[in-house]
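Work through the exercises below with the model open beside you. Try each task before you read its solution.

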Amino acid sequence: MVDRVIPIRIDEGKGLAPAMPATLMAPSSKSLDTRGRPLRDLRISVTDRCNFRCTYCMPKEVFDQNYPYLSQDALLSFEEITRLTTIFTSLGIEKIRLTGGEPLLRKNIETLVSMLAAIRKPDGTPLELTLTTNGSILRKKALQLKQAGLHRITISLDGLSDAIFKRMNDVDFPVGDVLDGITAAQEAGFESIKVNMVVKKGTNDDEIIPMAKHFRHSGVTLRFIEFMDVGSSNGWDMSEVLPSKAVIERINALYPLEPIEANYAGEVAQRWRYRDGAGEVGVISSVTQTFCHECTRARISTDGQLYLCLFASQGYDFKTMLRSGASDLEIANAIMGTWSQRTDHYSEIRGQATAEAARQSQKVEMSYIGG
Ligand code: SAM
Ligand code: SF4
Ligand code: SF4
């Protein structure tokens, strides 16, 4: 017999509040949310800090020296992250993505990777372990990450022109160092490397073709992400969103493309292949072609709050459970109780709401919740 478990919900600006009661149930990998979606992917933010100030994510006017970053003791420790991930794995999680903030800034991140790499799914196989980075210190870290057991890596890069890239990262960081980080990842033996480019119409969309040209024949898959209204500080406006359809049209006019099947159900990127065999590109159309109906992702913030949607305004406090002696079964029950009540489908609602309402809604920042 297990005690009833009620995770604490964090309402932004309202402090701690009791969450809706988590229904007690035997943890089951078959548990679905209210829209019939299983829990399959977990994104873990390992730090809310970053050495870039990308204008679409951590604009420097907001994320300045007065910004209330989390203190060291508020962060989940590697042991806590590993324990929580092990519990999530028993519930059907198949894929972990480490993110942030900039995950490579977390001290000894490779130690966490090796701890997570040792976790086994109920069928005895390892989890798929991936990480997203801005690539700024990847030259230094790539081999250690590979040796620690990281399977795949995604690097964000918003252009090849130094002037435009610096305008995007807003800390004067040069393109060359990120490209060198990508080379280091290849040298370390990473396969299926992906490069993510956020496209802001009027800012870096002239970089679409140079980027496509650069990564053709490289074995690296370039993916274009529509500029999203994540968080509440990036000044998002629909007029700055270049629909993925237009991205594909531009590339196709120069390098003919054809669509290809998704690798797996629920893959967020739509895949296209160069007809001349030069590789593939992808588009992530979170704004113009929503994919909430097959969203199987949960997120753990840097301080151990569970978020059920990238655009959520509230999380469920699992750090307190971890630190107050709750058993694995109690935590598992709380996770599934929370997931089973999940209703989130923000991108679909955004499509129905006015752009102004979407822009003004209060959401947690992506650097904290994990991109
Ligand atoms: N710092 C790492 C990086 O930049 O790769 C990991 C964290 S970052 C929040 C994860 C991903 O989210 C990056 O690929 C970034 O480009 C993307 N991202 C951040 N803000 C975004 C926005 N407003 N719209 C679309 N993508 C965004
Ligand atoms: Fe940092 Fe990544 Fe956000 Fe850019 S997108 S500010 S690199 S966390
Ligand atoms: Fe998933 Fe929320 Fe994004 Fe929809 S808006 S795909 S529910 S994270």
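A residue counts as near a molecule if one of its heavy atoms lies within 4 Å of that molecule. Keep in mind that this model is predicted.

**Exercise 1. The shell of ligand 1**

Find which of the residues around ligand 1 come nearest, and sort the shell by class.

Solution.
Step 1. Collect the residues around ligand 1: there are 20.
Step 2. Pick out the nearest ones: Y56, G101, T132, S156 and M228.
Step 3. Sort by class. The shell of ligand 1 has eight nonpolar, ten polar and two charged residues.

**Exercise 2. Polar contacts and cover of ligand 1**

Which protein atoms lie 3.0 Å, 3.2 Å and 2.9 Å from a nitrogen atom of ligand 1?

Solution.
Step 1. Recall the cut-off: a polar contact is a pair of N or O atoms within 3.5 Å.
Step 2. Take G101. A backbone N or O atom of this residue is 3.0 Å from a nitrogen atom of ligand 1.
Step 3. Take E102. Here an N or O atom of the side chain lies 3.2 Å from a nitrogen atom of ligand 1.
Step 4. Take M228. A polar backbone atom of M228 is 2.9 Å from a nitrogen atom of the ligand.
Step 5. Now look at the cover. On its own, ligand 1 has 540 Å² of accessible area, and the protein covers 95% of this.
Step 6. Name the elements that give two or more residues to the shell of ligand 1: β5 (128-133), β7 (194-199) and β8 (221-226).

**Exercise 3. Ligand 2**

List the residues around ligand 2, then state their classes.

Solution.
Step 1. The residues are C50, F52, C54, Y56, C57, M58, G101 and N134.
Step 2. Six residues of this shell are nonpolar, two are polar and none is charged.

**Exercise 4. The largest pocket**

Describe the largest pocket by its volume and its lining.

Solution.
Step 1. The volume is about 510 Å³.
Step 2. The lining has 30 residues, and R152, K194, N263, Y264 and E267 are the closest to the pocket's centre.
Step 3. By class, eight lining residues are nonpolar, ten polar and twelve charged.
Step 4. β11 gives the largest share of the lining, three residues.

**Exercise 5. An aromatic pair**

The structure holds seven aromatic pairs. Why is the pair F52 and F173 classed as it is?

Solution.
Step 1. The ring centres of F52 and F173 are 5.0 Å apart.
Step 2. Their planes meet at 45 degrees, so the pair is tilted.
Step 3. Locate the partners. F52 is in the loop between β3 (41-45) and α1 (78-90), and F173 is in the loop between α4 (162-169) and α5 (175-187). The pair links distant parts of the chain, 121 residues apart.

Technical notes: Residues are numbered from 1 along each chain as its sequence is written. Chains are lettered from A and ligands numbered from 1 in the order in which they are written. This is a predicted model: local features need pLDDT of at least 70, side-chain atom pairs count only at pLDDT 80 or more; totals for chains, interfaces and linings use all residues. Side-chain values use heavy atoms; hydrogens and water are left out. Ala, Val, Leu, Ile, Met, Phe, Trp, Tyr, Cys and Pro count as nonpolar, Asp, Glu, Lys and Arg as charged, and the others, Gly among them, as polar. A polar contact is a pair of N or O atoms within 3.5 Å; within protein, one must be able to donate a hydrogen and the other to accept it, and residues adjacent in sequence count only if both atoms are side-chain atoms. Accessible areas come from the Shrake-Rupley method with a 1.4 Å probe; for residues, only the protein chains shown count as cover. Helices (H or I, at least four residues) and strands (E, at least two) are DSSP runs, numbered from the N terminus. On a 1 Å grid over the protein atoms alone, a cavity is a set of points where a 1.4 Å probe fits but cannot get out, and a pocket is an open set with protein on both sides within 12 Å along at least five of seven lines; lining residues have an atom within 4 Å of a point. Grid points are joined across faces, edges and corners, and a volume is the space filled by probe spheres set on the points. Rings of Phe, Tyr and Trp (its six-membered ring) pair if their centres lie within 6.5 Å; planes under 30 degrees apart count as stacked, over 60 as edge-to-face and the rest as tilted.
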